[in-house]
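These are my notebook entries on what I looked up in the structure shown below.

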Amino acid sequence: MTLLSVQNLRVSFPTRHGTFEAVRGISFDLGRERLGVVGESGSGKSMTGRAILGLVRPPGRVTADRLDLEGQSILNLPERRMRKIRGRRISMVMQDPKFSLNPVMTIGDQIVEAYRLHAGGNRAAARQKALDMLAAVQIRDPERVMGAYPHEVSGGMGQRIMIAMMLAPDPEILIADEPTSALDVSVRTEVLNIMDRLVRDRGMGVIFISHDLNLVAQFCDRVLIMYAGRIVETLPAKDLHQARHPYTQGLLNSLPRLDAPVDRLPVLQRQDSWRNGATITESLETEFPGGL
Amino acid sequence: MLTVDHLNVWFGHPPDRVDAVKDASFTVAQGESFGLVGESGSGKSTILRAIAGLIDTWSGTIDVAGKFLTARRRDRAFYKTVQMVFQDPYASLHPRHSVDAVLSETLRLQGMDDIDRRIARLLDDVGLGRGFRFRYPHQLSGGQRQRVAIARALAAEPRLLLLDEPTSALDVSVQAEILNLLSDLRAEHGLTYVMVSHDLAVVGHMCDRLAVMQGGRIVEVMAVDVLRQGTPQQDYTRQLIAASEGYARA
């Protein structure tokens, strides 16, 4: 079943030198799966996530032939209606918890506020829900953390708190924009495990935006590779290392590897033809490889 | 080239004193590339900053090229021997100084002559070319800025470069270019590197030996082959290697 259907999505910004298109006509469908979006800085991957949530500020312009959430268009909805979708039906976890949490509000108050905004209910019920969510993201002493301020918790804990807050209203889609880039490797595994479990238990669709190819290959079911605002290749995550597009291959080769030492790293030679060439699509055996 | 012995670094005063580095000792030979790895807060960058003279609350001995350093003061000769490259190329260049101003100021401070020719050579060395000489940081990409930061460090013709996460703010394709550049420069100029990184694969690629840090202590010093084969002595190092191999679905 398709949760989100995107057809020919474009995001453009007027500049002094004419219009700049950050996203140049991308199309994909998201089911109850983990979809990875990979690319380098400036490839338009974050802008795609923001466009879906209606977070592109004017003078930025979002156009699409179709941007449907379960069959209903959510393209350029008025802010009042978008607010009913944002957080409740589509949630977003951003890169750095330091900048996403309000520094002058306790963590408990923030989760309760976010939850009541979407689910209503009284304070006591919301508080209980917040405690349950904190426990669900494996925070050992939820009572204490409820009363703490964001600067009093570590980065990994902050990111788990963000996940707790974003998943409290049971959204259908979670957009995770570099959710573990600011974290240490050991904490990263823990945060991903928690996200994985919650997402699987609730049958959510996930858009996982990252620059880390290997991480995406391991966490996701399917991967879109973006270059200069377009999707250059889509393939099942498990086949990432058999990628056919020279850009994807180049990215993979430029990573240093512990098991295969080399004297010099191969350097990516960018080609103009990648900007407008056709998307390489792996024929998928099942609709959602990797299974659910 | 560099000997660090029983180094302690702390911040603040009791009772709030934080011991960031505890009893760290290691040596780096002339021409060697040495890595410091560990998680955030393990004290790896703090060691570099103590060596560079950016922190004055330390004890123990630091010996650079046969000279013992004292708490804070570093003479000009020191900065002719040791230079540092920082993590974030966006923050380490002055936004209103052109590449030319950045490099000529450094060269003049080091008492160099023939500045014009040296700038041209530095830019060639880091693969930028002379066309970049009068650009400002906002006209450069992240990789190009890091090249300017490396050129600035090379301006003093140092023998020891302290590299604090030099590629972690860059895309992987740009990271490959910068790592290749650093390898080339080391071979050309006979430099010694001390490189801090959280990325084991980067350290494995660049370094001959490395120290693994946890909670301010060096838990293990090993050759890079030990890292590659995954046969370290300490449990913590094994965990770190396992975690860095990526995420395995539970």
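In which helix is the place of A:Leu131? I found A:Leu131 in helix 5 (residues 123–136) of chain A, where helices (H or I, at least four residues) and strands (E, at least two) are DSSP runs numbered from the N terminus.

Before going on, I noted that this is a predicted model, in which local features need pLDDT of at least 70 and side-chain atom pairs count only at pLDDT 80 or more, while totals for chains, interfaces and linings use all residues. Residues are numbered from 1 along each chain as its sequence is written, and chains are lettered from A and ligands numbered from 1 in the order in which they are written.

**Entry on A:Leu131.** I noted that A:Leu131 counts as partly exposed because it has 19 C-beta neighbours inside 10 Å; a residue is buried if 20 or more other C-beta atoms, placed from the backbone, lie within 10 Å of its own, exposed if 12 or fewer, and partly exposed in between. Leaving aside neighbours within four places in sequence, I listed A:Pro142 and A:Met146 as its contacts, a contact being two residues whose C-beta atoms, placed from the backbone, lie within 7 Å.

**Entry on two helices of chain B.** I looked up helix 4 (residues 115–125) and helix 5 (residues 142–155) of chain B, whose axes come within 9 Å and cross at roughly 130°; axes are lines fitted to C-alpha atoms, for helices over the stretch in contact, and angles run from 0 to 180 degrees between N-to-C directions. Helix 4 of chain B and helix 5 of chain B are therefore oblique to each other, since angles under 35 degrees count as roughly parallel, over 145 as roughly antiparallel, 65 to 115 as roughly perpendicular and the rest as oblique. On the helix 4 side of chain B I wrote down B:Leu122, B:Leu123 and B:Asp125, which meet B:Ala151, B:Leu154 and B:Ala155 in helix 5 of chain B.

**Entry on the core.** Which residues touch the most other members of the largest nonpolar core? Of its 148 residues, I noted A:Ala164, A:Phe208, A:Val223 and B:Val194, a nonpolar core being a set of buried Ala, Val, Leu, Ile, Met, Phe, Trp, Tyr and Cys residues joined through C-beta atoms within 7 Å. Helix 7 (residues 155–167) of chain A gives the most to this core, with eight residues.
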